Amino acid sequence: MRDLIAKGFLKYIICLLGLAIFLSGGVVPSFADKCRNTNNDFVRSDDGDDDDDDDDDGSHHTGVNCLTSGCHTGGEHRFTIGGTIYSNINGTEARAGAQITVTGSNNQRTVLTSDQLGNFYSSQSIPAPYTITASYLGREVKMPSTAITGGCNDNSCHVVGYGAAGRVFITTIDQDLTGTITEASGNAGISYNGTIKAIFDAKCISCHKAGGTQSGVPLTTYDEVAIPRLVTAGSKDSLLLKKLDKQSSIGTMWPNLRSAREYNQIKDWIVLHHAQEDSTSGGVVSGATIQLTQGGQVKYSTTTSQAGAFVLKSVMAGAYNVRVSKKGYKTYTQPYQMNQLNVPPLDIAIKKK
Ligand code: HEC
């Protein structure tokens, strides 16, 4: 019993100290308010307060910055960081029991838990800038950038990709990821951008560009190369080809090229592929395997239909790597962020080996 009284007294002293520090900041809270919140950051205090605010129901004002609106800058409900988390984008249902991890600039992590109203808050001082991650049942919503203030309505908190800016939510209704796999352009024939430009850049433009010895005949862009005097689509009599042909009497540019393979590519480009600028897609790829992996583990997997389409059912939001593979094609990988809502189709082009 004596112990308890001693503890109570200690708490009283701490409150006094806290009050002193707080007073030096120029704000005068009621003594009771300050004490009640000092040791109880995460749990809402009861409504027996005697201040005039109208938020005794523990609710919040949607869209209002809790720290600058005057609601939580002082008094009983003063806090340094806070917000509300929902279970749907409309904000009609609170997400209770979500874990909010706040990492301060000193790398210290503070974990807050949202209450029955979805609210989370702390009066602890956490050095800014900080990053915030909200998680619930393995689902995570990360704040896209660091925050400088702890207000619940600061733009940086609200992840656009996860729904509307202005509300953070974690849903447990997972979305389907659909898309199509096609063959990358470049496989359907030789094009200027796919093959030819690189040859010219390496072997021709040192002279054939502004400032070069043959600046009058620049060969740096498609529009400069594919002019009627140099190139006639479909014709092996094009001047460009003749200048590169070692058998031709005017083949004076052959020594600059010196590659039968590249000569044949340029010839095929003009004669077979009509000097096309870009090649068209090779069409859809059926029977390709598409997987979403996390930490090297396959989480979702399916194969594409005859039409090259796929559906990955009920994919949990989060960061993945997408992997597309099929025999005869180069395996394709890229990071992929699965959203909670408005998931756009994922269209991927893979290259033939
Ligand atoms: C070292 C400088 C140099 C390089 C490199 C060079 N050229 Fe030339 N090119 C010339 C000169 C000089 C002429 C003009 C004399 C001639 O036609 O032989 C010319 C002429 C041409 C012509 C004829 C232009 C016309 O209007 O008659 C074509 C086509 C051409 N070059 C293409 C190329 C191609 C393609 C390459 C790369 C494989 C290339 N050249 C690399 C210097 C160069």
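Biologist: Let's start with N107: between which two strands does N107 lie?

Modeller: You'll find N107 in the loop between β2 (99-103) and β3 (109-113). Helices (H or I, at least four residues) and strands (E, at least two) are DSSP runs, numbered from the N terminus. Residue numbers count from 1 along each chain as its sequence is written. Keep in mind that this is a predicted model: local features need pLDDT of at least 70, side-chain atom pairs count only at pLDDT 80 or more, and totals for chains, interfaces and linings use all residues.

Biologist: And what is phi of N107?

Modeller: Phi sits near 70° there, a positive value in a residue other than glycine. N107 is exposed, with 8 other C-beta atoms within 10 Å. For the cut-offs: a residue is buried if 20 or more other C-beta atoms lie within 10 Å of its own, exposed if 12 or fewer, and partly exposed in between, with C-beta atoms placed from the backbone.

Biologist: Is L137 buried or exposed?

Modeller: Exposed, because L137 has 10 C-beta neighbours inside 10 Å. L137 is not a glycine, yet its phi is positive, about 45°. Look for L137 in the loop between β5 (131-136) and β6 (139-142).

Biologist: Now helices. How do I read two that pack?

Modeller: Two packed helices are described by the angle between their axes and the distance between the axes. Axes are lines fitted to C-alpha atoms, for helices over the stretch in contact, and angles run from 0 to 180 degrees between N-to-C directions. Here α3 and α7 (residues 260-271) pack at about 130°, with axes 10 Å apart. So α3 is oblique to α7; angles under 35 degrees count as roughly parallel, over 145 as roughly antiparallel, 65 to 115 as roughly perpendicular and the rest as oblique.

Biologist: Which residues of α3 and α7 meet?

Modeller: T195, I196 and I199 in α3 meet E262, Q265, I266 and W269 in α7. Contact means C-beta atoms, placed from the backbone, within 7 Å.

Biologist: Last one: which residues come nearest to the ligand?

Modeller: C204, C207, Q214, T252 and N256, out of 19 residues around the ligand. A residue is near a molecule or strand if its C-beta atom, placed from the backbone, lies within 6 Å of it. Helices α3 (192-203), α5 (239-244) and α6 (254-257) each supply at least two residues of that shell. The largest share, four residues, comes from α5.

Methods:
Contact = placed C-beta atoms within 7 Å.
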